[in-house]
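This briefing is meant to be read alongside the sequence and the coordinates.

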Amino acid sequence: MLALLANEDDSTNRPTDGSTLFQLRDAVVDRVAELQAAGAARRHVEERYLGGCPAVFPDALADWDRQLENAVALAGFALRLATLDGLPELPMPDEELVSARVAVLAADLVEPARVVVLEQLGEGRRSLTIARSWLRGKLGPANASP
């Protein structure tokens, strides 16, 4: 879609409103932020619970790095294209929101593992309490009833 928006020679298929580019730019930049937060969460969990050992195989880490590189390159292209089309710049991400997202993603890695381990150790009640608490956080306040 970004290539289509950047193609000046083919104006017949090119969307004319800036909202499409605005949405694409924001989506690509959000994707980069989510990948970075997920990577930071994985590294945090590896350091805290695995003594710094990687939790995934080397090939998967290489794939992850390539995915992030591709997303960053695409985001750079989208940002440049948006600038050329006169769209306003994106604000810098709020560090507190980034930290909160990393914490949520780290919990998504740790809490299910804790539930499984406690269940295997015969701590079913404690396991259920942790699972409920984690799932309530996922469902949000409107769905947090017992």
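Where in the protein chain is Pro-54 found? In this predicted model, Pro-54 sits in the loop between H2 and H3.

**Fold and confidence**
- The mean pLDDT of the protein chain is 83, with 84% of its residues at 70 or more.
- Among the elements of the chain, the lowest mean pLDDT, 62, belongs to helix H1 (residues 2–6), whereas the highest, 91, belongs to H4.

**Packing and surface**
- The protein chain has 146 residues, and 22% of them count as buried.
- When contacts between residues at least 6 apart in sequence are considered, 62% of them join residues at least 24 apart.

- Once its neighbours within four places in sequence are left aside, Pro-54 is in contact with Glu-46 and Leu-61.
- The C-alpha atoms of Pro-54 and Arg-43 are 7.8 Å apart in space, while the two residues are eleven residues apart in sequence.

**Glu-69, in helix H3**
- Glu-69, which lies in helix H3, has a relative accessibility of 53% and therefore counts as exposed.
- Between Glu-69 and Val-32 the separation is 37 residues in sequence and 9.1 Å in space, taken from C-alpha to C-alpha.

**The largest pocket**
- The largest pocket holds about 490 Å³ of space, and its lining is made up of 16 residues, among which Val-29, Asp-30, Ala-33, Gln-36 and Pro-93 lie nearest its centre.
- Helix H2 (18–49), helix H3 (58–84) and helix H4 (95–120) are the elements that each give two or more residues to this lining.
- Of these contributions to the lining of the largest pocket, the largest share comes from H2, with seven residues.
- Sorted by class, the lining of the largest pocket consists of twelve nonpolar residues, three charged residues and one polar residue.

Conventions. Residues are numbered from 1 along each chain as its sequence is written. This is a predicted model: local features need pLDDT of at least 70, side-chain atom pairs count only at pLDDT 80 or more; totals for chains, interfaces and linings use all residues. Side-chain values use heavy atoms; hydrogens and water are left out. On a 1 Å grid over the protein atoms alone, a cavity is a set of points where a 1.4 Å probe fits but cannot get out, and a pocket is an open set with protein on both sides within 12 Å along at least five of seven lines; lining residues have an atom within 4 Å of a point. Grid points are joined across faces, edges and corners, and a volume is the space filled by probe spheres set on the points. Helices (H or I, at least four residues) and strands (E, at least two) are DSSP runs, numbered from the N terminus. Ala, Val, Leu, Ile, Met, Phe, Trp, Tyr, Cys and Pro count as nonpolar, Asp, Glu, Lys and Arg as charged, and the others, Gly among them, as polar. Buried means under 20% relative accessible area, exposed over 50%, partly exposed in between (1.4 Å probe, protein chains only). Contact means heavy atoms within 4.5 Å. pLDDT is the predictor's confidence in each residue, from 0 to 100.
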